[in-house]
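User: I'd like to learn how to read strand pairing in a model. Can you walk me through it?

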Amino acid sequence: MNDFYKLQLKKYSLNWRVKKDGNYYTLFGNDYKSLTYPAVYKIFTYDVILKVGQSRNIGYRITDHQQNKDFQNYNKRNILLFISWAKAPESYLDGVEAYLGKYYQPLIGERFPDVAPIPVNLLLP
């Protein structure tokens with residue numbers, strides 16, 4: 001068993017945000033500016049992980065992605081983009097992002113923090 005899979009045996013538990021009805025939040029059509037805490041996040045379609053990342057101010061980062069032309073192009077083509085995020089201690093952000101990047105291998109973003117990954121519970125898809 002390689003080291004990456006051994007790490008998954010001990011996971012830090014995240015509370016991934018979804019709507020009260022169990023559905024995912026959409027990237028566009030919502031105002032996220034009031035979310036001012038540190039968190040990790042992922043942006044995805046029904047079957048593809050587009051981006052994973054982190055921010056010390058998640059609302060600012062999501063708002064920045066809403067203005068990103070790559071994500072706007074998906075929106076213009078009527079491809080629904082979803083987002084979920086989870087609070088995390090600032091000291092864990094790099095490690096959790098490194099883990100998410102290695103696990104999901106998103107289409108956008110090929111550089112992740114060069115630190116030991118911190119395994120977490122994952123949100124499907």
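Analyst: Two strands pair if DSSP finds at least two bridges between them. Strands themselves are DSSP runs (E, at least two residues), numbered from the N terminus. This is a predicted model, where local features need pLDDT of at least 70, side-chain atom pairs count only at pLDDT 80 or more, and totals for chains, interfaces and linings use all residues. Residues are numbered from 1 along each chain as its sequence is written, and side-chain values use heavy atoms, with hydrogens and water left out.

User: Which strands does strand 2 pair with, and in what sense?

Analyst: Strand 2 pairs with strand 4 (residues 82-87) in the antiparallel sense, over 6 bridges. With strand 3 (residues 49-55), the pairing is also antiparallel over 6 bridges, and a hairpin of 4 residues links strand 2 to strand 3.

User: What stands opposite Ile43?

Analyst: In strand 3 you'll find Lys51 across from Ile43, and in strand 4 it's Ile83. Likewise, Ala39 has Ser55 as its bridge partner in strand 3.

User: In what order do the strands form the sheet?

Analyst: The 4 strands run 1-4-2-3 in an open, antiparallel sheet. Strand 1 (25-26) and strand 3 are at the edges with a single partner strand each, so one side of each has no neighbour in the sheet.

User: Is strand 2 buried or exposed?

Analyst: Buried means under 20% relative accessible area, exposed over 50%, partly exposed in between (1.4 Å probe, protein chains only). In strand 2 (residues 39-44), 6 of the 6 residues are buried, so the rest of the structure largely encloses it. Ala39, Tyr41 and Ile43 point one way, Val40, Lys42 and Phe44 the other.
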